[in-house]
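Trainee: I have a new model open. Please show me how to read its features one by one.

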Amino acid sequence: MVIDTSIPGEQMTEATPERRRRQLPTAEELRIWRDFVETTGALNSQLTSRLQVESSLSPGDYAVLLALSEAPDQQMRSSELASHIGWERSRLSHHLGRMERRGLIRRQESPTVPRGAEVLLTPSGAEAFRRATVPHLRAIRDLFVDALTPDQLRAAGEIAAALRAHLDQ
């Protein structure tokens, strides 16, 4: 089914960027989109499952621990951490509460920012992250890297960069 989304009397050709933005995706474009979404969903599902089985960490736990492990003094302001991992502050706050109860992180008041909180990686959190990293990296190799040729891997990187740049506009 083709749906005409053009403006009556419009004088644009099929090739103009303005026309392309107003058109709905073609059947082939939708097939590619669905394949992309379903494949990335299956990949994320398998990576999540392996991470949880091998380390008892969720992808959210891993993202927080990774950010803190790379931060100066293994700590970050909570607002900076939320921005760094792309989460809303309320989501991060709830997640940090669960991680704190498990001893993976610790929160403390910021000495420099009124009403600000610092999130610190605990020794237990650092150890959990260390134990999870090699199995997680092996899963990435098994499920993603090894499934692609070097040219496909480069193309995937280019596609990801193009999508990220478009989304960041």
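Mentor: Start with the helices α2 and α6, which are roughly antiparallel to each other. Angles under 35 degrees count as roughly parallel, over 145 as roughly antiparallel, 65 to 115 as roughly perpendicular and the rest as oblique. This is a predicted model, where local features need pLDDT of at least 70 and side-chain atom pairs count only at pLDDT 80 or more, while totals for chains, interfaces and linings use all residues. Residues are numbered from 1 along each chain as its sequence is written, and side-chain values use heavy atoms, leaving out hydrogens and water.

Trainee: At what angle do α2 and α6 pack, and how far apart are their axes?

Mentor: Axes are lines fitted to C-alpha atoms, for helices over the stretch in contact, and angles run from 0 to 180 degrees between N-to-C directions. Here α2 (residues 27-55) and α6 pack at about 150°, with axes 10 Å apart. Helices are DSSP runs (H or I, at least four residues), strands likewise (E, at least two), numbered from the N terminus.

Trainee: Which residues make the contact?

Mentor: Contact means heavy atoms within 4.5 Å. On α2, the residues include Leu-43, Leu-47 and Leu-51. On α6, Ala-132, Pro-135 and Ile-140 are among them.

Trainee: How many aromatic pairs does the structure hold?

Mentor: A pair of aromatic rings is described by the distance of the centres and the angle of the planes. Rings of Phe, Tyr and Trp (its six-membered ring) pair if their centres lie within 6.5 Å; planes under 30 degrees apart count as stacked, over 60 as edge-to-face and the rest as tilted. The structure holds two such pairs. In one, Tyr-62 and Phe-129 have ring centres 5.1 Å apart and planes at 40°, so the pair is tilted. Tyr-62 lies in α3 (residues 59-70) and Phe-129 in α6 (residues 123-143), 67 residues apart.

Trainee: Are Tyr-62 and Phe-129 buried or exposed?

Mentor: Buried means under 20% relative accessible area, exposed over 50%, partly exposed in between (1.4 Å probe, protein chains only). Tyr-62 and Phe-129 are both buried.

Trainee: What is the phi of Ser-56?

Mentor: Most residues other than glycine have a negative phi. Ser-56 has a positive one, near 65°. Ser-56 sits in the loop between α2 and α3. With a relative accessible area of 59%, Ser-56 is exposed.

Trainee: Where is Gln-74 found?

Mentor: Gln-74 is in the loop between α3 and β1 (75-77). Its phi is also positive, about 55°. Gln-74 is partly exposed, at 33% relative accessibility.
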